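This report describes selected residues of one protein chain and their surroundings. Please keep the sequence and the structure in view while reading.

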Amino acid sequence: MATSILFHAFGLKGIHHEAKQYIQDTILFKARSSITITCPHSGSREATFKDQKRRLLRLGQMGRKRSALDLQLHRLECRKCSRRWRPSIPFADGLRMQLI
Ligand SMILES: [Zn+2]
């Protein structure tokens with residue numbers, strides 16, 4: 001349900017909501033990337049997960065509460081060309097948040 005709230009309220013696509021947490025005056029949405037896997041170099045759809053990275057992104061206000069997105073991003077390795085890449089999240093370009 002919160003996946004649709006993130007889409008309709010904030011326009012976030014390509015993520016799947018997993019949990020939410022209330023920290024003081026902030027609602028923290030935990031989510032993971034659900035972007036389809038396609039190698040940008042060879043176009044292959046066969047890849048393995050190598051590691052993951054956590055990014056905290058500030059979202060807009062929800063009533064009187066602040067909100068943020070805790071997003072898990074995977075780094076992938078192509079089985080065909082052995083190159084590694086991290087799928088881009090277009091809605092997060094230039095938005096960074098160190099701590100909530
Ligand atoms: Zn490749």
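## Terms and basis

A residue is called buried when its relative accessible area is under 20%, exposed when it is over 50%, and partly exposed in between (1.4 Å probe, protein chains only). The model is predicted: local features need pLDDT of at least 70, side-chain atom pairs count only at pLDDT 80 or more, and totals for chains, interfaces and linings use all residues. Residues are numbered from 1 along each chain as its sequence is written, and side-chain values use heavy atoms, with hydrogens and water left out.

## Cysteines

Cys-78 counts as buried because its relative accessibility is 1%. Cys-81, at 31%, counts as partly exposed. The structure holds zero disulfides, a disulfide being a pair of cysteine sulfur atoms within 2.5 Å.

## Nonpolar cores

A nonpolar core is a set of buried Ala, Val, Leu, Ile, Met, Phe, Trp, Tyr and Cys residues joined through side-chain atoms within 4.5 Å. The largest one has 13 residues, and Phe-29 and Leu-59 are among those with the most contacts inside it. Another core, of five residues, lies apart from it and includes Cys-39 and Cys-78.

## Ser-67

Ser-67 belongs to strand E4, residues 66-78; strands (E, at least two residues) are DSSP runs, numbered from the N terminus. This serine is buried, because its relative accessibility is 2%. A polar atom of its side chain lies 2.5 Å from the backbone oxygen of Gly-60.

Beyond its neighbours within four places in sequence, Ser-67 is in contact (heavy atoms within 4.5 Å) with residues including Phe-29, Leu-59 and Gly-60.

Conventions
Helix = DSSP H or I, 4+ residues; strand = E, 2+ residues; numbered from the N terminus. Polar contact = N/O pair within 3.5 Å; in protein donor to acceptor, adjacent residues only side chain to side chain.
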